[in-house]
Amino acid sequence: MNTSVTRPTAHIGALLRHFADLRDGTHGDGAVSRAAKEELFRQAVALLDPYARQVLAEFNTHLLHGAGRVDASGSTRAGDGGLVATWALTWPRQRAEGIDPISLVAHYGRGFHHPHLRGATVAEWPLNVFTDEQAAAEVPTLRAIAAADLHNLVFQRDFRIVPAITDPHSTPAAPEEA
């Protein structure tokens, strides 16, 4: 069992970039205008496309036995005037039940400072861990949940709750004991 704190990885870097955008009032490489941010959104959608399709293809192959179909919208204008791109995995049983497909959604709402990702229904995650190997395999999921939680906490207040953004040159404190 490895309980040591690792060095920052991609998920931490993504959060730092996200919160720095809020702090600096910019997006990406200094984009301030809505038009510049929308162009960055379109570029992000193009960059995400092969990976979103890969993830949904994995679900189709391994869980739906190839019965599904991946549809991608590309970047389109949303009802609120913002932008949205959706990758959706549909399959016959899901359509017959009239429920949402498995979805990966990039959206840049009209009133948003910058874009976000979401799913169609994400809220709960199954916990079926019975071995150390299974527990270790949950690390990417735990990271995604922790990153989403911190993002939502910043959304509830603001970026100032994150010391790495308000004082980026300070030395990280030792982890608190439970």
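A residue counts as buried when its relative accessible area is under 20%. Keep that cut-off in mind as you walk through this predicted model.

**The whole chain.** Start with everything in view. The protein chain has six helices and five strands, and along the sequence they follow the pattern α-α-β-β-β-α-β-β-α-α-α. Of its 178 residues, 25% count as buried. The chain exposes about 12,400 Å², with carbon and sulfur atoms supplying 58% of that area.

**Helix 1.** Next, select residues 10-24. These 15 residues form helix 1, which reaches 21 Å from its first C-alpha to its last, close to the 21 Å expected. Now colour Leu15, His18, Phe19, Ala20 and Asp21: these residues of helix 1 are buried. What do the buried residues of helix 1 pack against? Show strand 5 (116-119), helix 5 (139-156) and helix 6 (163-166) to see their partners. Then step just past the helix to Gly25, which takes a positive phi of about 70°.

**The aromatic pair.** Select Phe41 and Tyr108 together. The structure holds one aromatic pair, and the ring centres of Phe41 and Tyr108 lie 6.4 Å apart with their planes at 35°, so the pair is tilted. Phe41 belongs to helix 2 (residues 34-63) and Tyr108 to strand 4 (residues 102-108), so the pair links distant parts of the chain, 67 residues apart.

**One last stop.** The charged end of Arg34 sits over the ring of Tyr108, 3.6 Å from the ring's centre.

Key: Residues are numbered from 1 along each chain as its sequence is written. This is a predicted model: local features need pLDDT of at least 70, side-chain atom pairs count only at pLDDT 80 or more; totals for chains, interfaces and linings use all residues. Side-chain values use heavy atoms; hydrogens and water are left out. Helices (H or I, at least four residues) and strands (E, at least two) are DSSP runs, numbered from the N terminus. The expected span of a helix is 1.5 Å times one less than its number of residues. Buried means under 20% relative accessible area, exposed over 50%, partly exposed in between (1.4 Å probe, protein chains only). Contact means heavy atoms within 4.5 Å. Accessible areas come from the Shrake-Rupley method with a 1.4 Å probe; for residues, only the protein chains shown count as cover. Rings of Phe, Tyr and Trp (its six-membered ring) pair if their centres lie within 6.5 Å; planes under 30 degrees apart count as stacked, over 60 as edge-to-face and the rest as tilted. A charge sits over a ring if NZ of Lys or CZ of Arg is within 6 Å of the ring centre and within 35 degrees of the ring normal.
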